[in-house]
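Here's a quick look at one helix and a handful of aromatic contacts. Have the structure open as you read.

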Amino acid sequence: MKIVVIGNGMVGYKFCEKIVEKSNNQGLELVVFGEEPLPAYDRVHLSEFFSGKTAADLSMAPLEWYASKNIRLHLGDPVQQIDRTHKTVLSYKGITEHYDYLVLATGSAAFVPPIAGIDKKGVFIYRTIEDLELMQAYAPKARKGTVIGGGLLGLEAAKALLDLGVKETHVIEFAPRLMPRQIDEQGSNILCSKLEKLGLKVHTSKNTSDILGDDCITGLRFSDDTALDTDMLVISAGIQPRDELAKLSGLETGHRGGIVVNEQMQTTDPSIYAVGECALYNGMIYGLVAPGYEMSEVAASHILNEQKSFTGFDMSTKLKLIGVDVASFGNPFITPEQGSSIVLEDTMKGIYKRINISPDGQHLLGGILIGDAEAYNLLLQTCKNKVVLPPNPEDILLGARNGNAAPGAGVTGLPDEAVICSCENVSKLTICQAVEAGQETLDAVKKCTKAGTCCGGCAPMVKDLITATMKAQGKYIRNVVCEHFAYSRQELLDLIKVKSLRSFDEVLDHYGHGEGCEVCKPVVSSILASLWNDMILHKGNDTAQDSNDRYLANIQKGGTYSVVPRIPGGEVTPEKLIVIGQVAQKYHLYTKITGGQRIDLFGAHLSDLPLIWEELIAAGFESGHAYGKALRTVKSCVGSTWCRFGLHDSVSFAIQIEERYRGLRAPHKIKSAVSGCIRECAEAQSKDFGIIATEKGWNLYVCGNGGSKPQHAQLLAGDIDSETCIRYIDRFLMFYIKTADPLTRTATWLNKLEGGMDYLRNVVVNDSLGISAQLEAEMQLLVDSYKCEWKEVVDSPELRKRFSHFVNAPEEKDPTVKFETMRAQKKAAEWK
């Protein structure tokens, strides 16, 4: 049996994968024609091309995969003619192939509105890697960029312009709101406000009538007689099915485009199938990858005489657009007659959640999530599987306020047939059966079922199912570090301490197997640093570190490094400021004052790092550990030293705190602050531990953080003196270091800690576990053994050798590092 596939996009590739898997590659001859010069790549994550991913990173499978499956792949050679009578196809390069079955996976093209001037230079569409490469080449000339289209693809294109360094980016949408097919007006307003904070300018209800300029684009004119200056335009206003080949061969197509197919994905010619965005099923074009994958499954099954049908597909979707979670599911736009809605809107945090409930309050009909879509997968399955809602449906948004989840709540309450991974159509039952058969890790379940191998959005639910299934089998669930260590981080820490192990290799020999990986190496390195405070670049630990730790500096864009000297409490003398300026001038470094009251020096060459450190150390500076999972800063206001509202000397206390905990390695970075009064100018309550002056002493707050999911710190102890405050911080930090999972901030650690703040207060303040003296002693050991890592390198000829770009020419710098001028300073040139 010979099958010819026209199209080598994601869906065309998926058809090949399915038909090979189902037939076991027996008695099958498969020929694929692709229009693009590259084999199938991941369009879902296309915008990541501008974040450093290459075409190879986005590839669905290398050329070797096709060869190993005996698939003949013709790239850059589109089919131009189908002879249905003789069952042959003719390609652009003159290749003729006979077929028993023909599969059209021609996909779609970008819809380009009929706007005057569309052919000017600087106008692009956003569809293929080739399009992205053209945009990348043109972007350095552009000061202002504009995207026509405020839907999913349009916002992805806007992100691409931001990633390309186009400072002013506009989005033009014809409809009165963004993403009109997915979200309502309130949701659009929240999304607009979040996007505008990120630097996008959004224009809705705008119809573009002309593209201005002579040879190159200079602006846009709208039908309301307004205009917008722009140097670059990206059109991402929707898609249109690629059905021209089908029309030429006489297959039936829809009046608005698309190749008409039945439930088996057959066209009006039974030997020809159509799948993906070119296929028109029941009057609808499906513009997402998941239904395309399902169509491929159905077509492959039918060709092999298996019974499977396509009966439509849920168009629910969840994406992270420019760092903002956006999701919609089911019916997001119900009318009052269809049911009622519960809405949670938080304009301060930029969160909007709407769930639509059936008139009897029993079932979830659909919803919209913006800013926080963590519950998307569970809500989608609750909706699709008509799971009965709890007595108070608002608990879905607010959480169960009595502290107990409703019976049957969560992923375990879903029926067996619930589709957990819609991309690969994997049910809850399939995943549970895989776990019962011994596939007890996420990677193992992925390999066995393919769940979570496409967009990855279902991974949290898959993990929950693995845990729930193992618990149901009566198995003890161990939170192991990775496949190389059958221990949790906490267990490993205790074992390493008992054996007094000092290197990754020693730990691997005693308690692990294999060679280790990028997960366990940094974890073990962090544990070793937290226990012994040894120099992290000593032989045996150097290659196990995170990339930044290996160079004691943050690796930045363009192959450059940043240098951040410690400035405790933000206090610095004029003499030291002059030295920083001289160093920055000498080594041509970009300088910036950070939000943590320090000065960052950017653009350093690798070989210059020890020289820069040497000069800073001579002036009294030391490493600020900006590169490590360690204490970063202790921010302070001026306190009683200068401020008329100050109650205590917050600067002196901040310096004392920072000098005590400098270099302290932990599961994640740690930030702190000291405020001299309740006006809170140092923002102490947004830190991992924060201290605020009171009339009677200090209030100590712990487990706060800023970032994408900010959380206020909680009061641990009030009105305490400085010595008691430091003792409590010692205990708190060591308890966190000993019990937290890898890469877990203190806020997340507290959220997962059984008993919460009451339990933590009992341990730290009341010494309920009887370990306070031990925790204090362990902290003192780390404090006493502190050494500046920069100085260790400067004083060691052996370690300095690590900071040469060329081993045989230590003085030579990386010739690929390029810079541009920006506001009288330099910046790393954009990667091409």
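Is Tyr376 buried or exposed? At 6% relative accessibility, Tyr376 counts as buried, the cut-off being under 20%. Keep in mind that this is a predicted model.

## Aromatic pairs

Searching the whole structure turns up 21 aromatic pairs. One of them joins Phe329 and Tyr376 edge-to-face, with 6.4 Å centre to centre and 70 degrees between the planes. Phe329 sits in strand β23 and Tyr376 in helix α9, 47 residues apart, so this pair links distant parts of the chain. Phe329 is buried too, with a relative accessible area of 1%.

Then there's Tyr590 with Phe602: their ring centres are 5.8 Å apart and the planes are at 65 degrees, so that's edge-to-face as well. Tyr590 belongs to strand β31 and Phe602 to strand β32, so the pair ties together parts 12 residues apart in sequence. Both Tyr590 and Phe602 are buried.

Two charged ends are worth a look. That of Arg502 sits over the ring of Trp532, 4.2 Å from its centre, and that of Lys826 sits over the ring of Phe819, 3.7 Å from its centre.

## Helix α5

Helix α5 covers residues 152–163; at 1.5 Å a residue, its 12 residues should span 16 Å, and the 17 Å between its end C-alpha atoms agrees. Of those 12 residues, 9 are buried, so the rest of the structure largely encloses α5. Among the buried ones are Leu152, Glu156 and Lys159. After α5 comes Gly165, with a positive phi near 90 degrees.

How values were computed. Residues are numbered from 1 along each chain as its sequence is written. This is a predicted model: local features need pLDDT of at least 70, side-chain atom pairs count only at pLDDT 80 or more; totals for chains, interfaces and linings use all residues. Side-chain values use heavy atoms; hydrogens and water are left out. Helices (H or I, at least four residues) and strands (E, at least two) are DSSP runs, numbered from the N terminus. The expected span of a helix is 1.5 Å times one less than its number of residues. Buried means under 20% relative accessible area, exposed over 50%, partly exposed in between (1.4 Å probe, protein chains only). Rings of Phe, Tyr and Trp (its six-membered ring) pair if their centres lie within 6.5 Å; planes under 30 degrees apart count as stacked, over 60 as edge-to-face and the rest as tilted. A charge sits over a ring if NZ of Lys or CZ of Arg is within 6 Å of the ring centre and within 35 degrees of the ring normal.
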